[in-house]
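I opened my notebook for a first look at this structure. Here is what I looked up, entry by entry.

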Amino acid sequence: MLTPATTASNGGRAAKPAVSLFPGGQMFPFSLVTTLFFLWGVPNNLNDVLIRQFMKSFAITRFEAGLVQSAFYLGYFALAMPAAMLMRRTGYKTGIVTGLILFGTGTFLFWPAAIVDRYGFFLFALFVIASGLAFLETASNPFIAELGDPDSSERRLNFSQAFNPIGSITGVAIGTAFIFSGVELTPAQTAALKATHQYAAYLQGETLRVVKPYIALGALAFALAAIISRVPFPSTRSSSATAGPGSVKSRLSQLLRRPFFVFSVAAQFLYVGAQVGTWSYFIQYVQDYVHEPEKTAGYFLTGSLVAFAVGRFGSAWLMRFVSPGRLMGIYSAANVVLVTIGVTHPGWLGMWAIFLTSFFMSLMFPTIFAMGLRGLGEDTKLGGSLLVMAIVGGAVLTPFMGLLSLRSLATAYLVPLGCYLFITLYSFAGARVLRNQN
């Protein structure tokens, strides 16, 4: 039988008074920042479409196409710490506006990249986009967690993060409809185009299909930067905390002596690697094992992201009754079972199992983030930057899956399987740590 989360997290002691999910009197800045969670979901999952599209338009391997995610998530890794240092001096608002400007600039670089038709230029543009997103995530996640009652931080961040998969669904739907042409050449057709010297024009046409969606996305980012620059932001617990002694280096050293925080960073690294790898190769999994065309596979991915969105909103509600760590432990254990099926039974059964993992992974990023920030005080921004840097797991594990896919794509899914095993351990251990702190 479900019990209130406050009781569950306090070892069965009397429940605390009900806490508010939303910050009183600050709904406008809260809503604006929540909008950003939708915004960065779009390019995150457009990458899944780009991987397939670039394999076609540049005639490259899965491993080479996986560098899309490497360039993207290296941007997170490289810029998260500078973002935190800027925000320690100037606040969350400056970090958000800076991120939106970088984001918009990166999307506009897709136009010259397509004109010169260089894969490396696209990777650079993706790095710039992700640099902007590093600022946005380093600012937005702790801002939402801190803006309101600390006892509802996990629920609040899960609520705001629930708009991220709506952006993801939008990104994949846009990519499937406007980037995928539906033209998949047979070897004979490719040879015929090469014989008539039309193959290069075909590849260039496929490359140009990526430009318009990114230009539209960049225009939206610049518009939001203009709006947010004019909106007053409230102070938060970390911004009003008294600064402790020591430089950034000494504060980092203290953070890294917190075992649970380090455990959280490791869990975030593995979670993002599992999520990005799962979605990056899902279209190819559908094509390889159930033999559906790329557009149909793209719609299956869209459906999986719908399950992800349902899971986010559902988990924000379930956390009223089940402690966040315990709920995440149950969900990650479910994903261990589902990915095992995907590895051992490739085909329709395996495809639906991988499809369903999106529902159960849905609560992991915001829950790990909020649990990791608990009790950091003035080090919240710095801790948030390290948790954002852990997103580099997407850059590291996705190409590794690409290498394993040379054996078989089902084998590559052993990587997210190992990640979920670790997160299961983290979840139940983390729930116990937080229960003992209360």
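**Second cavity**

I found that H2 gives the largest share of the lining of the second largest cavity, 4 residues. For helices I used DSSP runs of H or I with at least four residues, for strands runs of E with at least two, both numbered from the N terminus. This is a predicted model, where local features need pLDDT of at least 70 and side-chain atom pairs count only at pLDDT 80 or more, while totals for chains, interfaces and linings use all residues. Residues are numbered from 1 along each chain as its sequence is written, and side-chain values use heavy atoms, with hydrogens and water left out.

I noted how a cavity is defined: on a 1 Å grid over the protein atoms alone, it is a set of points where a 1.4 Å probe fits but cannot get out, and lining residues have an atom within 4 Å of a point. Grid points are joined across faces, edges and corners, and a volume is the space filled by probe spheres set on the points.

The volume of the second largest cavity is about 70 Å³. I listed its lining as Asp48, Ile51, Arg52, Met55, Arg62, Ser280, Tyr281, Ile283 and Gln284. At least two lining residues come from each of H2 and helix H16 (282–289). I sorted the lining into 4 nonpolar, 2 polar and 3 charged residues. In that sorting Ala, Val, Leu, Ile, Met, Phe, Trp, Tyr, Cys and Pro are nonpolar, Asp, Glu, Lys and Arg are charged, and the others, Gly among them, are polar.

**Largest cavity**

How many cavities of 30 Å³ or more are there? I counted 2. The largest cavity holds about 210 Å³ of space. It is lined by 20 residues, and Asn44, Tyr73, Glu137, Asn164 and Gln275 are the closest to its centre. Two or more lining residues come from each of helix H2 (27–57), helix H4 (67–90), helix H9 (163–179), helix H15 (259–280) and helix H17 (294–318). H15 has the largest share, with 5 residues. By class I wrote down 10 nonpolar, 7 polar and 3 charged residues.

**Whole protein**

I counted 24 helices and 0 strands. Of the 438 residues, 58% are buried, where buried means under 20% relative accessible area, exposed over 50% and partly exposed in between (1.4 Å probe, protein chains only).

**Nonpolar core**

I took a nonpolar core to be a set of buried Ala, Val, Leu, Ile, Met, Phe, Trp, Tyr and Cys residues joined through side-chain atoms within 4.5 Å. The largest one has 130 residues, and Leu100 and Tyr413 have the most contacts inside it. A contact means heavy atoms within 4.5 Å. Apart from neighbours within four places in sequence, Leu100 touches Leu36, Leu39, Leu136, Ala221, Leu224, Ala225 and Ile228.

Is Ala221 buried or exposed? Ala221 has a relative accessible area of 0%, so I marked it buried. It lies in helix H12 (residues 211–228). With neighbours within four places set aside, Ala221 is in contact with Leu39, Leu100, Phe103 and Gly104. Ala221 and Phe103 are 118 residues apart along the chain, yet their C-alpha atoms are separated by 6.9 Å.

Ile227 is also found in helix H12. I marked Ile227 partly exposed because its relative accessible area is 44%. Its C-alpha atom is 9.3 Å from that of Val97, 130 residues apart along the chain.

Notes
On a 1 Å grid over the protein atoms alone, a cavity is a set of points where a 1.4 Å probe fits but cannot get out, and a pocket is an open set with protein on both sides within 12 Å along at least five of seven lines; lining residues have an atom within 4 Å of a point.
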